[in-house]
Amino acid sequence: MIEIKNLSKKYKTADEYAVKDLSLNIQEGEIFGLLGPNGAGKTTLISMLTSLLKPTSGSFSIDGLNFQENKKQLKGIIGVVPQEYALYPTLTAYENLSYFGSMYGLKGKQLDKLIVDHLEIMGLSKFAKKKTANFSGGMKRRVNLIAGILHRPKVLFLDEPTVGVDVQSKNVIIDYLKELNGAGTTIIYTSHHLNEAEDFCSHVAFIDHGEVITSGVPSELIRNQTGAKNLEDVFLAIVGKGLRDYA
Amino acid sequence: MHKLWASTYKELLLLLRDWGGVAILFIMPVLLLLVITSIQDSTFKSFGEFKIPLILVDNDKGDVSKIIVESLAESNSFEIKAMDSEAQAKEAVFSGKEQLAIVIPEGLSVSLQSKVDRNVSGILARFGIDEDAESPKENTAIQTKEVRLYFDPVSQMGFKSSVKSGIDKMVSKIETESIYNAFLEELGEDGDEVIFETDNFITFTEILPVQNNKEFIPNSAQHNVPAWALFAIFFIVVPLSINLVKEKNQGTFVRLRTNPVRYATVLGGKTIVYLGVCLIQFTLMLLVGLYLFPLLGLPKLDVSGKLPTLYAVAFFSGLAAIGLGLLLGTIAKTQEQSAPLGAILVVILAAIGGVWVPVFVMPPFMQILSKISPMNWGLEAFYDVFLRNVGFAEILPEILLLLFFFMLTLLIALLYYRNENAV
């Protein structure tokens, strides 16, 4: 589904590569977790895969398409849920979703039904006509998610979709994403919550210093790492316990 | 088309949800128009309607000073206040309490009469008409007299020049009449019988443009409404560029970049809504000129038969302003960049465009520079319609320039966006 070949990104002001010669194959129907410490290159990788950043070198294709030749077509089959709340605070939840749904060519009753159904699933029906500025972090996160999936994308990119939300919101989000994946959507997901990733992902890749350190099925990675009881143990064994602050 | 409509509707909602912003967009230009027109109205009124306070120190108290006072009073331009001391008048004017003082020197009437009598007698003697007259050369010199003018230091050059010119004309007339009277006296003629007309032979008349068989006199409304409406239209640059920067900062722009929608469509939605704002602003300005001005004692705006062409100018001026706002918003990264830059840019464009000072009084270099200001094109087109009463064909060059400016700025914005976000 997604083929990444020797992909690199070096920012103009940086001395080192944010993503360095990275290659990955992500199969259709997977929930693929990109895990790593702060500054590992996860968001840079997702930004390149979603057309937000231009790679310095290398290439990738999604469902056989690339942004150079099939930009509009490719943008139509992917869904992106950015880390920040990408919503208009003075518009209601419904108005936000209506606008972003329209950008995917959805309209009329079909769009209305999709919005109503998704708000219902995410437990936001009674807040449909409220401005998102007044929403809690968990509510904004859920609207943010709906905005990226209304058009039923083939591939969904999620950058830290559960960061800063309460347990209830997190469960609703994860449950729905599993349902979406069951319906055929391939999910690429970044997170710091390793327990969540262990439970949620069918496949994970640990990234550090812009490179893939290891990848595989979470249960196999735990089994293969001596003394590891969970994915967090694997992560610390591979990446190390040192702080990874960056600016 | 559906995406453009959705973008337009979204922009409309964003605008309507910010009532404070909407109020500022519509109320501030109207307020600006009212204040500026009220201030400038006096400069367009006839002299009879507005009088400049003037201090007169009459140290002469003779015939000449009497004529000066009468002439000043007759001009209906001044409100004369008498003062006894020159020092007192000087202090009042230089301290800014008064605008202008005229000091008539002591003995002016006597000296002028003596000089005129001597000159006239001398001329008549040369012609052998008055043989008793003495030759001027044989007399002691009569000292010239100086009428002193004091101006408040903040007075503008134009005001000073017009006052000086008026006084100069008055003094010349008094001298001419004195010479004429001296001749009459020397020749023993009856003063009631006119043998030489002292009135100006060459006169001038201002020929005004005629509209509907009526002379059209430009007033402060005809001047100020187009100028300040245009200024307000161009100020759309500030909120529009802020709107774009906000999109970048709040993350919605990131989402839009991953959506299958062209940047031109996103900008198209903003263009339609903000163009509507410009036209509503313009309509409000016209309504104020038509209905509110007369209630406030200001001259009524005359738009009869001009509305289609006026709206054409407003439409294309709005497009030009929006193009600039879109470009600025595309390039700027923060509101701290876009807001002051936009505001200062509009003020500069207004200044070189002739909104404050007419282009013809600018230095040659600035006159050339004014030709590249879209506000100058808009202002000229508005003046053409409001004051020169022309049709659409005559304003077409300005309209095309404004359209070209919109297309150019939009193209640069799109190219910049493509270059910055190439994948």
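**The contact and its two chains**

A: The domain assignment, which is automatic or from a database, divides chain B into domain 1 (2-44 + 217-420) and domain 2 (48-204). The C-alpha centres of domain 1 of chain B and domain 2 of chain B lie 52 Å apart. The model is predicted: local features need pLDDT of at least 70 and side-chain atom pairs count only at pLDDT 80 or more, while totals for chains, interfaces and linings use all residues. Residues are numbered from 1 along each chain as its sequence is written, and chains are lettered from A and ligands numbered from 1 in the order in which they are written.

The contact takes 25 residues from chain A and 20 residues from chain B, two residues being in contact if their C-beta atoms, placed from the backbone, lie within 7 Å. On the side of chain B that touches chain A, helix H1 (2-16) and helix H9 (252-258) of chain B each supply at least two residues; helices are DSSP runs of H or I with at least four residues, strands are runs of E with at least two, and both are numbered from the N terminus. That side of chain B comprises 9 nonpolar, 5 polar and 6 charged residues. Ala, Val, Leu, Ile, Met, Phe, Trp, Tyr, Cys and Pro count as nonpolar, Asp, Glu, Lys and Arg as charged, and the others, Gly among them, as polar.
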